[in-house]
Amino acid sequence: MNRTAGLSRELLFLGVLLLFTTFIGYAIQLYLSSELDENTQDIDRISLAWEMRFKTAIKQFIAADASLVENDELNGLIADLARRLRDHIKADHPYEIEILVVDSRMVNAMALPGGLIILYVPLIRLTETPEELAAVMAHELGHVIHRDPLRKMIRQMGIAATLALLRGDSSTLLENTIRNLLDLKYTRDQESAADDFALETLVAAGIDPIHFAAIMEKLDPGKGGGKSKLVKYLSTHPHRGERVEKARRASAQFASAGDDSTIDWPRVKKLLPSVFD
Amino acid sequence: MEGHSTHIALPQPHEIPKRDREDAMGAYLMMFAAWGAGLPLPLLNLLAAIIYFFTNKKTSRFVSFHAYQSLLTQIPISILNASAVAWTLRNLYKDYAFSDYFWTYFIFIGLWNLIYMIFSIIACVQARKGRFYYFWVFGRISFARYFGPDAVSLEEKEKPNLPPEGF
């Protein structure tokens with residue numbers, strides 16, 4: 001009888017310890033996650049006016065430092081795509097979305113403060129349909145709407161330096177920051193949220209999310225990509241497999257109206273600067 | 001040895017030879033060595049614990065008790081660690097994200113390994129002193145196996161050594 005009671009007591013202790021460690025594990029995980037998002041409150045201290053002024057400074061910097069593609073037809077088509085997406089954004093936002101096409105060797109796209117999105121020429125060249133480009137733009141729009149570019153500035157520099165910069169207290173800091181901003185990474189959660197936003201916006205705009213899966217596979221070809229799995233894990237973007245899977249799930253639920261764009265995309269791509277330029 | 005006792009009389013520290021104490025301590029120390037070596041493949045240290053147990057099970061009850069207790073405690077920890085390794089490999093191989101659930105589980109496993117290590121060190125020190133140390137639940141199971149009623153009935157079946165007739 002005593003033996004049974006002793007065993008019961010020890011099993012109870014073990015169970016309590018099991019629950020306790022689960023709780024502690026969860027609490028530590030929550031704490032570490034919240035550390036990453038600690039700038040959530042700081043972001044509200046940055047006014048839209050400051051952000052817009054910063055956007056103007058960035059545009060000036062890019063215009064002086066980078067090679068902008070100024071083809072009216074190309075820019076017009078891209079602006080149309082952006083408008084189509086913008087008109088279907090469900091969240092309220094104050095941004096006038098502006099897209100710049102930059103001739104560079106990077107296969108990339110980037111959201112910057114104030115609603116500025118940069119598309120690099122090699123990325124456009126990689127797309128096979130305008131919907132694939134729209135998928136990339138929708139992802140970047142997600143960063144814009146979530147104010148992620150500012151969040152990453154705060155994460156990197158701290159709120160004090162960010163505020164000083166946006167107030168225009170330091171021109172040297174401004175230039176350095178813009179340069180660094182192009183290299184900064186978003187957190188994995190921010191990337192996932194931007195993916196979710198993109199899929200939702202694509203569906204609302206009548207674009208099949210399968211195009212998102214297609215461009216993700218092109219951007220990160222997985223096993224043939226050269227990077228080890230561990231390196232990929234250590235990078236901030238969510239895993240390609242998961243992103244593609246998520247897009248395919250969204251596509252499966254997508255009631256297609258069969259209204260994919262009629263734009264002659266190969267012809268549009270010929271408007272891009274040649275690789276030999 | 002009394003006929004109706006519920007457990008075999010426990011050897012006291014001064015009765016336990018130094019060799020047995022060291023072997024009992026080794027059951028936990030070996031686990032630490034295998035633990036370090038086997039972290040990438042946690043089932044290796046379980047295998048080491050099994051080998052140690054079978055190597056020492058016939059030495060003395062004191063050593064067998066500690067070896068068995070070390071082996072039993074190793075089982076759940078090895079399963080937890082192996083599942084964490086499997087989950088990590090699956091994420092890396094299948095290109096899945098390391099979700100919040102994963103990190104919660106990972107920290108949970110870390111805590112249990114820490115708890116396990118602390119209790120094993122205590123058990124190790126106690127074994128070296130020739131003392132019994134009982135882990136929750138597993139201590140009882142090990143004790144029952146080597147000193148409990150079943151061990152008593154087995155011992156009672158053995159023909160005892162007796163002095164020459166007339167002494």
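Analyst: Helices α3(A) and α5(A) are oblique to each other, a word used for angles that are not under 35 degrees (roughly parallel), over 145 (roughly antiparallel) or 65 to 115 (roughly perpendicular). This is a predicted model, in which local features need pLDDT of at least 70 and side-chain atom pairs count only at pLDDT 80 or more, while totals for chains, interfaces and linings use all residues. Residues are numbered from 1 along each chain as its sequence is written, and chains are lettered from A and ligands numbered from 1 in the order in which they are written.

Helix α3 (residues 72-86) and helix α5 (residues 130-145), both of chain A, pack at about 55 degrees with their axes 10 Å apart; helices here are DSSP runs (H or I, at least four residues), numbered from the N terminus. On the side of α3(A), the contact (C-beta atoms, placed from the backbone, within 7 Å) is made by A:L81, A:A82 and A:L85, and on the side of α5(A) by residues including A:P130, A:L133 and A:A134. The residues of this contact comprise nine nonpolar, no polar and no charged, where Ala, Val, Leu, Ile, Met, Phe, Trp, Tyr, Cys and Pro count as nonpolar, Asp, Glu, Lys and Arg as charged, and the others, Gly among them, as polar.

Leaving out residues up to four places away in sequence, A:A134 touches A:L81, A:L85, A:L202, A:I207 and A:H211. A:A134 is also among the residues with the most contacts inside the largest nonpolar core, which has 45 residues, a core being a set of buried Ala, Val, Leu, Ile, Met, Phe, Trp, Tyr and Cys residues joined through C-beta atoms within 7 Å, and buried meaning that 20 or more other C-beta atoms lie within 10 Å of a residue's own. To this core α5(A) gives the most, with nine residues.

Methods. Axes fitted to C-alpha atoms, helices over the stretch in contact; angles between N-to-C directions. Helix = DSSP H or I, 4+ residues; strand = E, 2+ residues; numbered from the N terminus. Contact = placed C-beta atoms within 7 Å. Buried ≥ 20, exposed ≤ 12 C-beta atoms within 10 Å, placed from the backbone.
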